[in-house]
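Dear colleague,

I am passing on a structure that may be new to you, and below it I have set out what was found in it. Please read the notes with the structure open beside them.

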Amino acid sequence: MTRRPGFLVYGLLAAFIVGSALPLYWSFLIGSHTKEVITRDVPPLLPGGHFLSNAQRVFDSVPFWKALGNSLMVSSVAATSVVIFGTLAGYAFAKLRFRGSTALLVFVVVTMAVPTQLGVVPLFIVMAELGWTGSVWAAIVPSIVTAFGVFFMRQYLVDAVPDELIEAARVDGCSMFRTFLTVAVPVARPAMAILWLFTFMMVWTDFFWPLIVLPADNPTVQVALNQLQSGYFKDYALVLAGTSLATIPLLVLFVVTGKQFVAGIMQGAVKG
Amino acid sequence: MPHDVEVKTGDAAQAASPGSSSPDPHDVRLSARRTSGPRSAWRQRLSRWDVRFSPYVYISPFFILFLIVGMFPLVYTAVVSVYDWSLIGGKGEFVGLQNYRDVIENPYFLKSAVNTISIFLLSSVPQILMSLALAGLLDTALRGATIWRMGVLLPFVVAPVAVGIIFGSLFGDRYGLINEALGWVGLPSVAWHTDRLASHLAIATMVNWRWTGYNALILLAAMQSVPRDLYDAAAIDGANRFRQFTSITVPSIKPTVVFVVITSTIGGLQIFAEPRMFDSTLAQNGGSDRQFSTMTMLIYDFGWHLRDLGRASATAWLLFLLIIVIALGNYVLSRRFGTLTKARRRR
């Protein structure tokens with residue numbers, strides 16, 4: 001049966017997407033006018049010409065460039081580490097036979113549901129003990145591995161790597177690790193890219209932990225936005241210009257790699 | 001640094017066997033034996049060790065690091081919670097359950113717990129229904145399917161902090177767009193920040209806005225694996241589209257619905273950034289009367305405003321218990337719900 005959608009389906013979907021985009025538009029709209037515009041009874045429909053001057057004020061009030069650099073650093077290091085360790089463990093669970101593998105995989109699945117965010121206090125104590133508080137390394141620590149990363153790679157590799165290919169490599173005299181590098185990794189590459197993007201985004205948007213370990217002069221983007229918002233005097237043109245600035249990098253990433261995002265969410269779910 | 005572990009084991013393995021870079025700790029011992037035995041026997045043994053231990057070597061970085069940065073802190077929270085533990089002074093005396101008593105007797109605790117559950121209910125129930133409907137719309141032969149799917153995922157790229165700021169202004173009590181829009185159609189303004197239920201509604205809207213599309217894609221993935229001939233059969237029996245959706249689609253993807261419910265429970269009960277950024281007062285702890293303060297905000301408040309890590313830990317542990325109870329409750333409820341619908345169908 002073909003289920004060709006009618007105009008109603010397209011109309012509803014379009015309405016949903018317009019509704020989804022509206023708050024983002026609002027942010028840019030207010031961020032591109034002077035601060036008095038929000039007091040008008042009817043807000044303007046089109047963006048004004050003050051975005052750059054508002055952005056300049058954002059850079060003057062918080063260390064925004066530094067925040068961008070820090071966020072980039074924290075998110076990409078965490079994403080890379082999650083991908084490396086996730087691929088290694090995911091491959092072992094998907095393709096290698098070893099005692100305890102089933103029980104350990106169940107453990108991985110269960111830990112995906114563990115709210116590790118609630119462990120902030122001891123994590124903070126350890127970071128303070130090591131003298132890492134205030135540095136971006138402390139912000140990276142809780143994100144260096146995720147159970148989701150292992151599970152995601154396992155799900156992908158189970159079907160993607162044929163057992164015969166692994167056998168053939170072994171017969172040719174490849175060591176286990178060589179087999180992993182030459183057979184599994186090339187096949188795993190698309191899933192690794194998706195996991196990288198996904199983790200990058202999760203870490204980029206994280207707020208609770210960076211707020212705790214990072215000071216005002218060495219923030220991530222989210223912590224810098226928090227500083228903008230918590231001023232004495234609410235200047236929404238300034239705050240929403242900052243919010244737009246903070247959202248643009250992810251928006252660009254999403255436009256370029258949105259297809260992978262969609263595929264990743266749908267793949268991670270099917271067998272979950 | 002995460003890479004330390006890798007580098008060290010990698011070097012050890014390389015010293016043991018130039019051909020293989022398998023990071024196997026046992027290779028170190030083998031390298032000592034290498035000089036004595038015949039070369040081929042040594043090789044064979046090495047290869048056997050390789051097969052046997054490689055899986056454990058591949059999974060151990062994950063498990064070791066996860067235990068250190070994920071599991072240990074969570075468990076150790078229980079230890080900190082029974083001590084007098086200050087942010088500045090460090091560990092003090094053992095106080096037993098005193099921190100728990102203090103937290104529970106704190107007037108803001110009950111308030112925050114109720115707020116957390118209220119915001120969670122206002123965001124999870126409508127969200128699941130909307131996600132299901134949206135997934136149903138997407139589960140058709142759309143032209144340009146990927147573009148539509150990307151479209152519904154758009155809000156997901158906006159960080160919770162940004163969401164909190166944007167909606168804080170949209171729901172502004174005086175100049176917010178929502179109140180102005182209410183005024184255009186002749187309705188009175190709503191005190192979105194000061195009224196307790198209204199503030200919960202505003203915060204739930206943020207959560208729904210960010211997650212509906214994301215969850216719809218997960219549900220869509222499950223819907224696409226429902227065999228299409230089931231729909232053909234139902235169509236022959238005279239079931240319309242809506243009936244097919246409620247009687248075939250939704251029951252078929254129930255495990256995925258349960259998955260979505262449980263993950264959004266675990267995430268939703270820890271909500272922090274949205275209510276914190278929604279607060280336009282300087283303290284940022286959930287409104288002047290804590291009308292929208294949440295449990296995670298209370299953890300932050302105890303730990304990093306009052307500098308009392310013992311009470312912060314007790315609060316974290318109480319929230320952990322709450323999450324377990326509600327997640328299990330969800331699971332039981334969904335099972336019961338499942339058997340009920342099955343029984344009805346049989347009749």
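A residue is called buried here if 20 or more other C-beta atoms lie within 10 Å of its own, exposed if 12 or fewer do, and partly exposed in between. By that rule, 48% of the 272 residues of chain A count as buried, while for chain B, with its 347 residues, the figure is 44%. Please keep in mind throughout that this is a predicted model, with an ipTM of 0.91 and a pTM of 0.86.

Confidence

Chain B has an average pLDDT of 84, and 86% of its residues score at least 70. Where pLDDT is low, the predicted coordinates should not be read in detail.

The two chains

Chain A is built with twelve helices and zero strands, and its C-alpha trace spans about 75 × 65 × 30 Å along the principal axes. If one takes the contacts in chain A between residues at least 6 apart in sequence, 76% of them join residues at least 24 apart. Chain B has 15 helices and two strands, and in chain B the corresponding share of contacts joining residues at least 24 apart is 65%.

The strands of chain B

How do the strands β1 and β2 of chain B pair? Strand β1 (residues 83-86) and strand β2 of chain B run antiparallel to each other, with three bridges between them, and a hairpin of three residues connects β1(B) to β2(B). Within this pairing, Tyr83(B) stands opposite Phe94(B), and Trp85(B) has Lys91(B) as its bridge partner. Strand β2 of chain B, residues 90-94, lies largely in the open, because the number of its five residues that are buried is zero.

The contact between the chains

The contact between the chains draws on 85 residues of chain B and 82 residues of chain A. On the side of chain B that touches chain A, the largest share comes from helix α3 (residues 39-80) of chain B, with 18 residues. Sorted by class, that side of chain B consists of 60 nonpolar, 20 polar and five charged residues.

The largest nonpolar core

The largest nonpolar core holds 168 residues, and those that touch the most other members are Ala89(A), Tyr91(A), Met153(A), Leu195(A), Ala162(B) and Leu219(B). Helix α9 (residues 176-205) of chain A gives the most to this core, contributing 17 residues. The core lies between domain 1 (3-80) and domain 2 (100-346) of chain B, because both of these domains give residues to it. As for Leu195(A), if its neighbours within four places in sequence are left aside, its contacts are Val82(A), Val83(A), Gly86(A), Gly149(A), Phe152(A) and Met153(A).

Two residues to look at

Is Phe167(B) buried or exposed? With 26 C-beta neighbours inside 10 Å, where 20 or more are required, Phe167(B) counts as buried. Phe167(B) belongs to helix α7 (residues 160-170) of chain B, and, not counting residues up to four places away in sequence, Phe167(B) touches Pro23(A) as well as Ala202(B), Thr205(B), Met206(B) and Phe278(B). Of these, Met206(B) is 39 residues from Phe167(B) in sequence, and the two are 6.8 Å apart in space, C-alpha to C-alpha.

Pro115(A) is found in the loop of chain A between α4 (101-111) and α5 (120-130), and because 18 other C-beta atoms lie within 10 Å, Pro115(A) is partly exposed. Residues up to four places away in sequence aside, Pro115(A) touches Ile266(B), Gln270(B), Phe320(B) and Ile323(B). Within chain A, Pro115(A) and Gln222(A) are 107 residues apart along the chain, and their C-alpha atoms are separated by 21 Å.

With kind regards

Methods: Residues numbered from 1 in each chain as written. Chains lettered and ligands numbered in written order. Predicted model: local features only at pLDDT ≥ 70, side-chain atom pairs only at ≥ 80, totals over all residues. Helix = DSSP H or I, 4+ residues; strand = E, 2+ residues; numbered from the N terminus. Pairing = 2+ DSSP bridges. Core = buried A, V, L, I, M, F, W, Y, C linked by C-beta atoms within 7 Å. Domains from an automatic or database assignment. Contact = placed C-beta atoms within 7 Å. Nonpolar A, V, L, I, M, F, W, Y, C, P; charged D, E, K, R; others polar. pLDDT = per-residue confidence, 0-100.
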